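Hi,

Here is the structure I promised to pass on to you.

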Amino acid sequence: MMGICSRIIRENSFVNPDIGPINEIADIDIFVISPPKCATTSIQRGFERLGHKVLHAHNDLTTHDAFANGAILRRHGVGLLRLIEARQATSRRPAFFFCGYREVVAWYLSLAGQFGLPMTDDLTVDVPSALDLKMPWKNYSFEEPRRILEAATGLGMTGARAENGVCIQTKGRATLVFYRADRTDVVAQFIRSRIDPGFENRRERENADPAYAEFRARFRLPEPVLRRFYSDPVHAFFYKAEETETLVATYAA
């Protein structure tokens, strides 16, 4: 499989600046593989402004679809894990992997805003099913990047304690940074101390639409639904009990 991956990226040109130069996979040291709307673009662009090559993706499905000729990758089974393995096989440099997590309600609304969905009460209807069955949410489960990163690094996403909303682990040449999306300042401090002192966190692609902000302020869900969301182990990994209670109080109908 490794040979097929190398041959495919050698014989074909895959161009999409939002994903990064996968044809130069051996030169990529920064991998941002995460659900969207978790400050991933800010991390990607911050590194790119400093001259780093970055692979930024969410899962295999959306990565293949991002390239005009992505069917070639799909047909030959070349996904994100295969690309990472190809990089690790051709470079001895350290590699850094970033993945974000955003609390479910904020993530749900942010992705709706990103895709320009109408900010109406329709967004409050059967939210649990929407996350699994409806566009755009169904294409961006957390489990896909988790599966890829744990296989690529040999590290569990929650295998160490989070400090200030960021969990940093290293194994061999791979460092995995799992962070809470509202703690990117802590991530930036880590980047400046360990990777590049010139890194700036400019919070790119934030939704500044007043209609979005107004709708988010009045968005409500039934309390049992919220408690079901916030009982997820990954939420509990990042959020203290009192923080969760504040979220429930904020969003409960």
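This is a predicted model: local features need pLDDT of at least 70, side-chain atom pairs count only at pLDDT 80 or more; totals for chains, interfaces and linings use all residues.

W137 counts as buried at 4% relative accessibility, where buried means under 20% relative accessible area, exposed over 50% and partly exposed in between, with a 1.4 Å probe and protein chains only. Residues are numbered from 1 along each chain as its sequence is written, and side-chain values use heavy atoms, with hydrogens and water left out.

**Aromatic pairs**

The structure holds 15 aromatic pairs; rings of Phe, Tyr and Trp (its six-membered ring) pair if their centres lie within 6.5 Å, and planes under 30 degrees apart count as stacked, over 60 as edge-to-face and the rest as tilted. Y108 and W137 form a stacked pair, at 4.4 Å centre to centre with 10° between the planes. Y108 sits in helix α6 and W137 in the loop between α7 and α8, so this pair ties together parts that are 29 residues apart in sequence. (Helices, H or I with at least four residues, and strands, E with at least two, are DSSP runs numbered from the N terminus.)

F178 and F237 are also stacked, at 6.2 Å centre to centre and 10° between the planes. Because F178 lies in strand β5 (residues 174-180) and F237 in helix α12 (residues 233-238), the pair ties together parts 59 residues apart in sequence. F178 is buried at 0% relative accessibility, whereas F237 is partly exposed at 22%. Ring pairs also link F178 and F237 with Y101, F142 and F238 into a cluster.

**Pockets**

The search uses a 1 Å grid over the protein atoms alone: a cavity is a set of points where a 1.4 Å probe fits but cannot get out, a pocket is an open set with protein on both sides within 12 Å along at least five of seven lines, and lining residues have an atom within 4 Å of a point. Grid points are joined across faces, edges and corners, and a volume is the space filled by probe spheres set on the points.

The largest pocket has a volume of about 1000 Å³. It is lined by 45 residues, and P36, K37, C38, A39 and T40 are the closest to its centre. By class, that lining has 16 nonpolar, 14 polar and 15 charged residues; Ala, Val, Leu, Ile, Met, Phe, Trp, Tyr, Cys and Pro count as nonpolar, Asp, Glu, Lys and Arg as charged, and the others, Gly among them, as polar. Helix α2 gives the most to the lining, with five residues.

The second largest pocket holds about 580 Å³ of space. Of the 21 residues that line it, V104, L131, S141, F142 and D232 lie nearest its centre. Elements giving two or more residues to this lining are β3 (95-101), α6, α7 (127-133), α8 (143-153) and α11 (223-230), and α7 has the largest share, with three residues. The lining divides into 12 nonpolar, two polar and seven charged residues.

T184, in helix α9, is buried with a relative accessible area of 5%. Not counting residues up to four places away in sequence, T184 touches A39, Y179, N201 and R203, contact meaning heavy atoms within 4.5 Å.

**H56**

Last, H56 lies in strand β2 (residues 54-57) and is buried at 6% relative accessible area. A polar contact of 2.7 Å joins the side chains of H56 and Q44; such a contact is a pair of N or O atoms within 3.5 Å, and within protein one must be able to donate a hydrogen and the other to accept it, with residues adjacent in sequence counting only if both atoms are side-chain atoms. The H56 side chain also reaches the backbone oxygen of D18 at 3.4 Å.

Best wishes
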